[in-house]
Amino acid sequence: VEMLRTASTPRERLVRVVELGDSLPFVLSVLERSPETRVQACVAVVHIRAELTSSTTAPPDSEPRVRIRGYSDARVSRGLLAVLAVGLHNVPVQDALGLDGSDLA
């Protein structure tokens, strides 16, 4: 996300979003895509799934962590998915729930 803040122009920011999307690290496989994971009213085909995970090395009473996985056929949408997935990767659930739109700006 820091790489987006340091972009000097909106065009450079868009290029960086697209590049991040080209290397989306948390892809939702074809078998995992369904009407339930599809983002409605989006021109692009976008699927997203939020999951709660626990670390195998964390204490048993530790808070679950967020994991976002997704897929999009459009490069910009895929880039935005990547920003979300990377930005929320392994974040404690309560921290993720406390975010608002300005945190992502």
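1. Let's start with T37, which sits in the loop between helix 2 (10-22) and strand 1 (46-53). Helices (H or I, at least four residues) and strands (E, at least two) are DSSP runs, numbered from the N terminus. Please keep in mind that this is a predicted model, where local features need pLDDT of at least 70, side-chain atom pairs count only at pLDDT 80 or more, and totals for chains, interfaces and linings use all residues. Residues are numbered from 1 along each chain as its sequence is written, and side-chain values use heavy atoms, with hydrogens and water left out.

2. Is T37 buried or exposed? T37 counts as buried because its relative accessibility is 4%; buried means under 20% relative accessible area, exposed over 50%, and partly exposed in between (1.4 Å probe, protein chains only).

3. Now look at what surrounds T37. Its side chain reaches the backbone nitrogen of S34 at 2.9 Å. Neighbours within four places in sequence aside, T37 is in contact (heavy atoms within 4.5 Å) with L28, E32, V46, H47, I48 and R49.

4. Next comes the inside of the model. Which residues make up the largest nonpolar core? The eight are F26, V66, I68, A85, L88, V91, V93 and A96. A nonpolar core is a set of buried Ala, Val, Leu, Ile, Met, Phe, Trp, Tyr and Cys residues joined through side-chain atoms within 4.5 Å. At least two residues of this core come from each of strand 2 (65-72), helix 3 and helix 4 (93-97). Apart from it lies another core, of six residues, including L4, V17, L24 and V83. In soluble globular proteins, nonpolar side chains tend to be buried together.

5. Beyond its neighbours within four places in sequence, L88 is in contact with V66, I68, A96 and L99.

6. Two backbone angles deserve a look. A41 has a positive phi of about 65° although it is not a glycine, and N90 also has a positive phi of about 65° without being a glycine. A41 belongs to the loop between helix 2 and strand 1, while N90 belongs to the loop between helix 3 and helix 4. With a relative accessible area of 87%, A41 is exposed; N90, at 41% relative accessibility, counts as partly exposed.

7. One last stop is V76, in helix 3 (residues 75-88). V76 counts as partly exposed because its relative accessibility is 38%.

Methods: Polar contact = N/O pair within 3.5 Å; in protein donor to acceptor, adjacent residues only side chain to side chain.
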